[in-house]
Amino acid sequence: MTAQNNELKGDLPVLRTPAVESVECLLKEAITLNCISVVSGINGVGKTTALRMLERQYKALGLGGTALYHLASGGSGPSRAVKDILSDMGVREALIQTGMPLHLSVKHAMREFERREVRVLLLDDADNWGGDALRGLVTLFDQCRAQNRPVAMILAGALPPDRWIVPVAAAMSRTLRTETLIPLSPEMMVAIFKQWGGPLGKLAEKAAEGDKKSASLIRKIHRITLGGRFRRISYFAGLVGLYATGEVDETLTDTVAAKLGEAVTTPSNGQ
């Protein structure tokens, strides 16, 4: 099955994108040094794809334990973030106890982390949490270290770090570094399309060989995907997999561009 069809089925393509490589480097550093790292970047740049892919491929990295991905839903309160993670893991106490204090949330989380051998938390959309929730997360981080069961954390957010994590001094003092992801350049897109294979892979091969028409199409796709945002590129690739009957040409590119335009402007089920 091609990666384009994988996208249509909701699976993640197995790709070595710059975002995946950057976040993997952060992950290895955070685990080695038992610290927090932060990844930022505009919506659609590839943060979620990188985090989910690294969770799925974590065992192959040979870092020990397991990785746990969590998508933050937002909210405030000292125990908010910890309780959300517990709920995501299906911990009964977090699901039924609405006013669980921070110390109990931390206790339950540490017990569950030990049971699951969690070594790193991959916390997506962490900028949705308020400052007090992030400070509660730091309490969990500190308690895990104090009990000699350290759990590293990768926090991802679309907002600039100075608007959510920097003001939380306790979190910043435990943060090794931040990494800002950027959209893909046309040249990077060629490398990604080669990995994808199929019609887009053939287009990329021609562009890499110096074919001017193919290179022009790559630049056009770059514009269509909002300047190389990985999420839009994935959608583009999925639609190519659905509608392509041969090579990627101007007609197919315009057809897919129109479909993407409809996706941007047409509401779907009130969402």
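**Starting from a strand pair**

Guide: Let's begin where strand S3 (residues 118-124) and strand S4 (residues 152-157) run side by side, paired in the parallel sense over 4 bridges. What you see is a predicted model, in which local features need pLDDT of at least 70 and side-chain atom pairs count only at pLDDT 80 or more, while totals for chains, interfaces and linings use all residues. Residues are numbered from 1 along each chain as its sequence is written, and side-chain values use heavy atoms, with hydrogens and water left out.

Strands here are DSSP runs of E with at least two residues, helices are runs of H or I with at least four, and both are numbered from the N terminus. Two strands pair if DSSP finds at least two bridges between them. In our pair, Val120 stands opposite Ala152 of S4.

Now step back. S3 and S4 belong to an open sheet of 5 strands, ordered S2-S3-S4-S1-S5, with parallel pairing. At its edges are strand S2 (66-71) and strand S5 (175-180), each pairing on one side only. From one strand to the next, the twist averages 15°.

Helices pack onto this sheet. Helix H3 (residues 47-56) touches strand S1 (36-40), S2, S3 and S4, and its direction makes about 150° with that of S2. Helix H7 lies across S1, S3 and S4, running at about 160° to S4. Such angles run from 0 to 180 degrees between N-to-C directions, with axes fitted as lines to C-alpha atoms, for helices over the stretch in contact. Contact itself means heavy atoms within 4.5 Å.

H7 (residues 131-146) also leads us to H4: their axes are 6 Å apart and cross at about 70°. That makes the two helices roughly perpendicular, a label for 65 to 115 degrees (under 35 is roughly parallel, over 145 roughly antiparallel, and the rest oblique). On the H4 side the contact uses Arg80, Ala81, Val82 and Ile85, and on the H7 side Ala133, Gly136, Leu137 and Leu140. Sorted by type, these contact residues are 6 nonpolar, 1 polar and 1 charged. Ala, Val, Leu, Ile, Met, Phe, Trp, Tyr, Cys and Pro count as nonpolar, Asp, Glu, Lys and Arg as charged, and the others, Gly among them, as polar.

Which residues of H4 (residues 80-88) are buried? They are Ala81, Val82, Lys83, Asp84, Ile85 and Leu86. Buried means under 20% relative accessible area, with exposed over 50% and partly exposed in between (1.4 Å probe, protein chains only). After H4 comes Gly90, whose phi is positive, near 80°.

One last stop: the aromatic rings. The whole structure holds 2 aromatic pairs. Rings of Phe, Tyr and Trp (its six-membered ring) pair if their centres lie within 6.5 Å; planes under 30 degrees apart are stacked, over 60 edge-to-face, and the rest tilted. Phe193 and Trp196 make a tilted pair, 6.2 Å centre to centre with 40° between the planes. They sit about one helical turn apart because 3 residues separate them in helix H9 (residues 186-196). Trp196 and Phe230 are stacked, since their planes are at 5° and their centres 6.2 Å apart. This second pair links distant parts of the chain, 34 residues apart: Trp196 in H9 and Phe230 in helix H12 (residues 230-243). At 4% relative accessibility Trp196 counts as buried, and so does Phe230 at 5%. Together, Phe193, Trp196 and Phe230 form one aromatic cluster.
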